[in-house]
Amino acid sequence: MCLAIPGKLIEISENAEGVRMGKANFGGIVKQVCLEYTPEVNVGDYVLVHVGFALSKVDEDVAARTYALLAEMKQLDELNDGETELEVPLSALGAKPGGP
């Protein structure tokens, strides 16, 4: 089964080919994502990401509930695939310890 994960956009830029890209924080792990399918998003927005592509914008409550459930199932470690650019504390997402 494939899973899309919400991430908070912390940076938006264009790559050398003119593709709109961003850096998104996924529960403390920051990765680069393609924003071509979500032209309406801005820094600070949450996006639902699957295989490196932002598919839609989601609200902060949905993101917080998703992270709480992933933490409860002990699945947050699977976000780190060895390509992590930067680790940011979970508190940077605005999530409260122990739940949304």
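Nonpolar surface patches are made of Val, Leu, Ile, Met, Phe, Trp or Tyr residues with over 30% relative accessible area and no salt bridge, their side chains joined within 5 Å. Accessible areas come from the Shrake-Rupley method with a 1.4 Å probe, and for residues only the protein chains shown count as cover. A salt bridge is a side-chain nitrogen of Lys or Arg within 4 Å of a carboxyl oxygen of Asp or Glu.

The model is predicted: local features need pLDDT of at least 70, side-chain atom pairs count only at pLDDT 80 or more, and totals for chains, interfaces and linings use all residues. Residues are numbered from 1 along each chain as its sequence is written, and side-chain values use heavy atoms, with hydrogens and water left out.

The protein contains one helix and six strands. Helices (H or I, at least four residues) and strands (E, at least two) are DSSP runs, numbered from the N terminus. Their order from the N terminus is β-β-β-β-β-α-β. Of the 100 residues, 33% count as buried. Buried means under 20% relative accessible area, exposed over 50%, and partly exposed in between (1.4 Å probe, protein chains only). Contact means heavy atoms within 4.5 Å. Among contacts between residues at least 6 apart in sequence, 47% join residues at least 24 apart.

One nonpolar patch covers about 420 Å² and is made by Tyr37, Val51, Phe53 and Leu55. Tyrosine 37 sits in the loop between E3 and E4. Its relative accessibility is 55%, so tyrosine 37 counts as exposed. Valine 51 lies in the loop between E4 and E5. Valine 51 is also exposed, at 65% relative accessibility. Although not a glycine, valine 51 has a positive phi of about 45°. Phenylalanine 53 is partly exposed, at 32%.

The structure holds one aromatic pair. Rings of Phe, Tyr and Trp (its six-membered ring) pair if their centres lie within 6.5 Å; planes under 30 degrees apart count as stacked, over 60 as edge-to-face and the rest as tilted. Tyrosine 37 and phenylalanine 53 form a tilted pair, 5.7 Å centre to centre with 40° between the planes. Phenylalanine 53 belongs to strand E5 and tyrosine 37 to the loop between E3 and E4, so the pair ties together parts 16 residues apart in sequence.

The largest nonpolar core has twelve residues, among them Ile5, Leu9, Phe26, Tyr67 and Leu70. Such a core is a set of buried Ala, Val, Leu, Ile, Met, Phe, Trp, Tyr and Cys residues joined through side-chain atoms within 4.5 Å. Strands E1 (5-14), E2 (20-26) and E4 (46-50) and helix H1 (60-72) each give two or more residues to this core.

One salt bridge is counted. Aspartate 45 pairs with lysine 57, the closest N and O atoms being 3.6 Å apart. Aspartate 45 lies in the loop between strand E3 (29-34) and E4, and lysine 57 in strand E5 (residues 53-58), so the pair ties together parts twelve residues apart in sequence. Aspartate 45 is buried, at 16% relative accessibility. Lysine 57 is partly exposed, at 44%.

Valine 19 is found in the loop between E1 and E2. Its relative accessible area is 24%, so valine 19 is partly exposed. Beyond four places in sequence, valine 19 touches Ser13, Glu14, Cys34 and Glu36. The C-alpha atoms of valine 19 and glutamate 36 are separated by 6.7 Å.

Technical notes. Patch = residues over 30% accessible without salt bridge, like charges linked within 9 Å, V, L, I, M, F, W, Y side chains within 5 Å.
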